[in-house]
Amino acid sequence: MNHTPAKPKAILYLRVSSKEQLLGKSLETQKEDCLRYCAEQGFEVVEIFTEEGESAKNDDRTQLQKLLAYCRGHKKQISYLVIWKVDRLARSPADYYEIRKILITHGVSIRSATEPAINGDDFTAEAMEGLLAIWARLDNRIKSDRAKTNMAALLQTGISPWKLPIGYRNLKNKEHG
């Protein structure tokens, strides 16, 4: 009798942080790269969780919570969570490691389709995983600081970067005048 070992089972987590990003190709690219990675590794993809326009600044995301419940319900049956990049899963090391801890209790290891340095169980992979989680937080802070600086600069010129209340208008912004 020819017995072929079962392929390790994997789930995918895809995420974009804003509704505007849904118009682009980001989710499609993430999915293609993650599916390609799984095929190369011999993983069977059993479920795909797609977060459409939710920030990774916290872990109270609809699809992430469904993913964690799925892992809980299929404990030790799923081998891998495949993500596109660490920053798709979390934007802070604390959140990342909390999610990782939960996954590990259910027998699930994290793999990245585009960051092969974390795809292992040795100390180097663990260190790289930590550095990428820190980088995700740093990148998020840099973007936030830039946005605040740009909004302050607009306000200094008399232009509001936000929608004004009824009865107000930006006198220096010809689009709203």
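Trainee: What makes Cys34 count as buried or exposed?

Mentor: This is a predicted model, and in it Cys34 has a relative accessibility of 0%. Buried means under 20%, so Cys34 is buried. Cys71 is also buried, because its relative accessibility is 0%.

Trainee: Why is Gln63 called buried?

Mentor: Gln63 has 17% relative accessibility, and the limit for buried is under 20%, so Gln63 falls in that class. Gln63 lies in helix α2. Leaving aside residues up to four places away in sequence, Gln63 touches Tyr13, Phe49, Thr50 and Glu51.

Trainee: What makes Lys76 exposed?

Mentor: The relative accessible area of Lys76 is 59%, and exposed means over 50%, so the term applies. Lys76 is located in the loop between α2 and β3. Its phi is positive, about 65°, although Lys76 is not a glycine. Most residues other than glycine have a negative phi.

Trainee: How do you know that β1 and β2 are paired?

Mentor: Strand β1, residues 9-16, is joined to β2 by eight bridges. Pairing requires at least two bridges, so the two strands are paired, and they run parallel. Within this pairing, Val16 stands opposite Glu52 in β2.

Trainee: What makes β2 and β4 edge strands?

Mentor: The open sheet has four strands in the order β2-β1-β3-β4, with parallel pairing. The strands β2 (44-52) and β4 (109-112) each pair on one side only, and they are the edge strands. On average, neighbouring strands of the sheet are turned by 25° against each other, direction ignored.

Trainee: Which residues touch the most other members of the largest nonpolar core?

Mentor: That core has 20 residues, and those with the most contacts to other members are Ile11, Tyr13, Leu67, Leu81, Leu89, Leu103 and Ile110. At least two residues each come from β1, α2, β3, α3 (86-89) and α4 (93-105). Helix α2 provides the largest share, five residues. There is also a second, separate core of 11 residues, which includes Leu12, Leu14, Val16 and Cys34.

Trainee: What is the pattern of secondary structure along the protein chain?

Mentor: Along the sequence, the pattern is β-α-β-α-β-α-α-β-α. The chain has five helices and four strands.

Trainee: How many residues does the protein chain contain, and what percentage is buried?

Mentor: The chain contains 177 residues, of which 32% are buried. Its accessible surface is about 11100 Å², and 54% of that surface belongs to carbon and sulfur atoms. Among contacts with a separation of 6 or more, 68% are between residues 24 or more positions apart.

Key: Residues numbered from 1 in each chain as written. Predicted model: local features only at pLDDT ≥ 70, side-chain atom pairs only at ≥ 80, totals over all residues. Heavy atoms only, no water. Axes fitted to C-alpha atoms, helices over the stretch in contact; angles between N-to-C directions. Buried < 20%, exposed > 50% of the residue type's maximum accessible area, 1.4 Å probe, protein only. Contact = heavy atoms within 4.5 Å. Core = buried A, V, L, I, M, F, W, Y, C linked by side-chain atoms within 4.5 Å. Areas by Shrake-Rupley, 256 points an atom, 1.4 Å probe, with all protein chains shown as cover.
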